[in-house]
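User: I would like a close look at one part of this model, followed by an account of what else can be said about the rest. Please keep it plain.

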Amino acid sequence: MSGVVKRAAVLAIVLGAVGQAHGAQRPNVVFLLADDQNVLSVGAYGNPEVKTPQIDRLARDGVIFDRHYNTTAICMASRASVFTGMYEYKTGTNFSHGDMRPEVWRKSYPVLLRESGYLTAFAGKFGLVVQGRGICEGDFDIWGGGPGQTEYATAKNKSMARYAKRYPHSTLSYGAFGQDAIREAVKQDKPFCLSISFKAPHKPATPDPRFNDVYAGKTFTKPANFGRAAGAHLSEQSKQGRQYPRFTEWKYDTDYDAEMAKYFQQVYAIDVALGMIRDELTTQGVADNTVIIYTSDNGYICGAHGYASKVLPMEESSRVPLIIYDPRSPSAGRRQRSPSLTGNIDFAPTILGLAGLPAPDNMDGVSLLPLLSDPDQEVRQQLAFINTFDKLPTHCLSVLTKQWKYTYWWYGDRQMQPTEELFRLSTDPLEMTNLAGSAEAAAQLEAMRARYDTELAAWKEQATPYNNYQKYGLLFDRSIPIEQKDIGAKKPAGDRPNAAARRAARAGAEG
């Protein structure tokens with residue numbers, strides 16, 4: 001039997017099993033990914049000063065996840081984890097490291113869904129490059145994606161230019177794309193997976209002017225951990241990257257209200273686009289069989305602790321909104337919240353599970369579908385957070401539980417020594433007290449160190465042999481003195497941007 005015939009036979013068996021499990025109709029999936037949206041920007045997460053009526057409606061209909069994190073808080077690596085369900089060191093994909101390998105992409109959720117009979121549609125910022133495949137437009141039935149950072153001007157996005165006249169700003173054009181994709185899937189009588197990656201609210205801040213009145217003249221309450229004084233206890237390593245100077249460069253210190261108004265206005269446009277998509281689901285008669293997942297590729301610091309941007313392990317950067325609405329679920333319409341610890345590595349197995357497909361063994365994530373029936377369940381005890389982007393001193397590995405976060409800042413030189421941070425998130429969600437040196441938290445520190453060592457052991461065992469991920473097994477090791485770690489006077493060769501990273505830099509640098 002030839003390889004092609006074998007694959008067809010296996011696919012037929014899988015589809016037969018899916019049909020038995022779900023009857024004649026498998027659910028549709030709408031996966032919506034904002035870019036740089038933190039929980040402060042959503043009313044349903046407790047901010048009464050923002051206007052997100054459609055996201056809040058989705059939250060009332062579905063389940064809000066209160067402990068959801070991106071395992072890497074930078075767009076290229078985060079999107080690779082979303083597509084594949086794997087930690088960054090297994091995707092081998094991030095700025096200054098390299099592109100995704102084709103064999104990794106072949107096990108992504110869009111490819112596997114399409115092979116199983118789903119109509120797949122993608123629009124927006126693809127966010128990565130697959131070696132020899134580019135941005136993989138041929139792997140989708142309907143395409144509205146683009147390379148690099150894409151553009152806020154719809155006309156400048158080649159695959160979306162047809163929407164430019166009616167929606168000159170890209171955010172609403174993606175809502176229109178979603179409507180067209182839904183109509184086409186219904187026309188073809190096929191289950192569909194619609195994935196949209198909005199550019200908003202990524203900088204440079206470029207709100208849609210049609211919504212200028214929404215936050216005109218507004219003032220906003222600064223969080224209690226705002227400003228440089230609230231960051232004095234944080235590691236020196238975390239202050240070596242671009243996140244520290246951007247607090248002043250981006251005027252959070254001098255023009256907070258204007259900066260946040262632009263940020264929130266961009267989120268408001270996404271909210272409108274969400275409404276467009278939900279209206280079309282209803283119009284086409286498929287709303288009752290469509291699961292909607294709303295989240296962001298990473299958070300945004302917005303002045304907390306006197307930093308800006310993302311990347312770092314602090315809550316504002318790593319924790320993001322997640323809402324899942326499955327109208328078929330017993331949780332639908334019950335306004336439930338889940339305290340379970342979840343991550344962006346969970347999206348691929350969750351989406352595959354919705355289609356009745358098994359998650360490949362290589363995936364690190366788990367399906368979140370059990371949480372839709374019982375939001376109080378636990379799906380894991382710990383989660384890793386990774387940064388291998390920007391300057392070497394900021395690179396770090398963290399481990400999180402529902403109650404605690406531990407980071408080992410491994411880097412040391414004449415100005416700083418390796419150090420630890422330990423935050424009790426259950427009572428200190430703003431991360432204002434580092435308990436790493438506290439006698440009262442000594443037992444918990446040891447426990448979190450052990451969890452950290454477990455995550456690092458997995459890194460050492462499973463990291464790709466390419467794109468310079470193996471070196472972190474040494475650099476992040478707590479048991480090895482800094483004097484035995486070769487950091488050199490110059491930046492290590494693996495941290496010099498390769499061709500893919502240079503292309504990304506020219507397209508807009510940080511994701």
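How many of the residues of helix H3 (residues 75-84) are buried?

Analyst: Ten of the ten residues of helix H3 are buried, and the helix is mostly covered. Buried here is under 20% relative accessible area, exposed is over 50%, and partly exposed lies in between (1.4 Å probe, protein chains only). Helices (H or I, at least four residues) and strands (E, at least two) are DSSP runs numbered from the N terminus. This is a predicted model, in which local features need pLDDT of at least 70 and side-chain atom pairs count only at pLDDT 80 or more, while totals for chains, interfaces and linings use all residues. Residues are numbered from 1 along each chain as its sequence is written, and side-chain values use heavy atoms, with hydrogens and water left out.

The buried residues of H3 are Cys75, Met76, Ala77, Ser78, Arg79, Ala80, Ser81, Val82, Phe83 and Thr84. After H3 comes Gly85, with a positive phi near 75 degrees.

Strand E10 (residues 396-400) can be read in the same terms. Five of its five residues are buried, so E10 is largely enclosed by the rest of the structure. Cys396, Ser398 and Leu400 point to one side of E10, Leu397 and Val399 point to the other, and the residues of both sides are buried. E10 has partners on record in two strands, E9 (residues 383-387) and E11 (residues 404-409); strands pair if DSSP finds at least two bridges between them. E9 and E10 are antiparallel and joined by five bridges, with Ala384 opposite Val399 of E10. E10 and E11 are also antiparallel, with four bridges, and Ser398 has Thr407 of E11 as its bridge partner. Three residues lie between E10 and E11, which form a hairpin.

On a 1 Å grid over the protein atoms alone, a cavity is a set of points where a 1.4 Å probe fits but cannot get out, a pocket is an open set with protein on both sides within 12 Å along at least five of seven lines, and lining residues have an atom within 4 Å of a point. The whole structure holds three cavities of 30 Å³ or more. The largest cavity has about 100 Å³ of space, the volume being that filled by probe spheres set on points joined across faces, edges and corners. It is lined by 13 residues, and Leu234, Pro313, Met314, Trp409 and Glu421 are the closest to its centre. E11 and strand E12 (419-424) each give at least two residues to this lining, and the largest share, three residues, comes from E11.

The largest pocket holds about 470 Å³ of space. Of the 23 residues that line this pocket, Val39, Leu40, Pro223, Glu316 and Leu430 lie nearest its centre. Helix H9 (256-283) and helix H10 (315-318) are the elements that give two or more residues to the pocket lining.

The largest core has 62 residues, and Phe177, Phe192, Leu194 and Tyr252 touch the most other members. Among the elements that each supply at least two residues of this core are strand E1 (28-34), helix H7 (170-188), strand E5 (192-197) and H9. H9 gives the largest share, 14 residues. Apart from this core lies another, of 49 residues, including Leu112, Ile293, Ile351 and Leu368.

A few backbone points remain. Most residues other than glycine have a negative phi, and most peptide bonds are trans. The bond from Ala200 to Pro201 is cis, with omega near -5 degrees, and a cis bond also joins Lys203 and Pro204, with omega about 0 degrees. Pro201 is in the loop between E5 and helix H8 (246-249), and Pro204 is also found in the loop between E5 and H8. Arg335, not a glycine, has a positive phi of about 55 degrees; this residue is in the loop between E7 and strand E8 (336-343) and is exposed, at 60% relative accessible area. Asn467, again not a glycine, has a positive phi of about 60 degrees. Asn467 lies in the loop between helix H13 (442-462) and helix H14 (472-475) and counts as buried, at 16% relative accessibility.

Note on methods
A nonpolar core is a set of buried Ala, Val, Leu, Ile, Met, Phe, Trp, Tyr and Cys residues joined through side-chain atoms within 4.5 Å.
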